[in-house]
Structure formats: C-alpha cells, structure tokens
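This report covers the fold, the surface and the model confidence of one protein. Please keep the sequence and the structure at hand while reading.

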Amino acid sequence: GDNADNDQQQLNHNNETNRRIRNNNNRKKKNRRRRRPKPVTEQQSDEYRKQRQADFILMKEQQRGEPSIWSFESLFPAPVWDEDTIQRDLYEVSKRDRKTTKAQQQQQPTLNNNNNNNNNKK
C-alpha cells in the first residue's frame, strides 16, 4: 500500500511538473531589445546641450535683480504712433490699387482701338 501511494504521489508530482513546463513554454516571451550605445557625435551633442543648459541657469541666477530680455515688457514694447506709418498702413494699398486701375483704363482704349483696327484690316 505504501509503495503504491509513493508511486501515485511521484506520478502526480511528475504530471504537475510537466504541466508547469508546458505552461512556461506556452507563455509569451518579452521581446527584449538591446539598447545600442550612442554614437560619439550624439554623445557630444548631449554634452553641448547640458553645458548650454548649465550656462543658461548660471546666467539666470546672476541676473536676479536685472530685468530680463525675455520679460513681457521687453518682448512687447509700447507702440510708437508715427503718422507716416499710419498713413502708409491705412492708405498705401488703396492708392496703389487706384493707380493700377487708372493705368489699366488708359491702356484699355488703346487695346480697343488696336482691335478695331485689326478688325477693319480683315
């Protein structure tokens, strides 16, 4: 009886082990990509970027009391109203359009006369 129980336990243990092995074989494996080392040029550009960032932080710390060139007032100064600029912005396009329209109208009668002359010749 004891021998048969031992054989049954050994058989159950082997079946359990085989089932675990099958499950491990069926389990999806992670697709592991090995990270390639960075090329020398990319390492250099990273170093330059870090150095520029450190220089910028140092400059910002040294300028604590001084106004920054990036402040809102520096980026958007108060507008200067210049009469010449205002006139140019508001009226230059319409003046130019009037001139081109006049020039086209002056050329058009000439074209019509040429067309009439060509029709008469036929």
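R98 is exposed, at a relative accessible area of 53%; exposed here means over 50%. The structure is a predicted model. R98 sits in helix 4, which covers residues 83-121. On the surface, R98 belongs to a patch of positive charge, where it gathers with K95, K99 and K102.

F72 is part of helix 3, residues 72-75, and is exposed, with a relative accessible area of 58%.

| Residue | Helix | Relative accessible area |
|---|---|---|
| R98 | helix 4 (residues 83-121) | 53% |
| F72 | helix 3 (residues 72-75) | 58% |

For the protein as a whole, the secondary structure consists of 4 helices and 0 strands, in the order α-α-α-α from the N terminus. How many of the residues count as buried? Of the 122 residues, 2% do. The accessible surface is about 12900 Å², and carbon and sulfur atoms account for 48% of that area.

Confidence is the remaining point. The mean pLDDT of the protein is 79, and 80% of the residues score at least 70. Helix 2 (residues 40-62) has the highest confidence, at a mean of 91, while helix 1 (residues 2-26) has the lowest, at 72.

How values were computed. Residues are numbered from 1 along each chain as its sequence is written. This is a predicted model: local features need pLDDT of at least 70, side-chain atom pairs count only at pLDDT 80 or more; totals for chains, interfaces and linings use all residues. Side-chain values use heavy atoms; hydrogens and water are left out. Patches are made of residues with over 30% relative accessible area and no salt bridge: like charges are joined within 9 Å, nonpolar side chains (Val, Leu, Ile, Met, Phe, Trp, Tyr) within 5 Å. Accessible areas come from the Shrake-Rupley method with a 1.4 Å probe; for residues, only the protein chains shown count as cover. A salt bridge is a side-chain nitrogen of Lys or Arg within 4 Å of a carboxyl oxygen of Asp or Glu. Lys and Arg count as positive and Asp and Glu as negative; His and the chain ends are not counted. The place of a charge is taken as NZ of Lys, CZ of Arg, CG of Asp or CD of Glu. Helices (H or I, at least four residues) and strands (E, at least two) are DSSP runs, numbered from the N terminus. Buried means under 20% relative accessible area, exposed over 50%, partly exposed in between (1.4 Å probe, protein chains only). pLDDT is the predictor's confidence in each residue, from 0 to 100.
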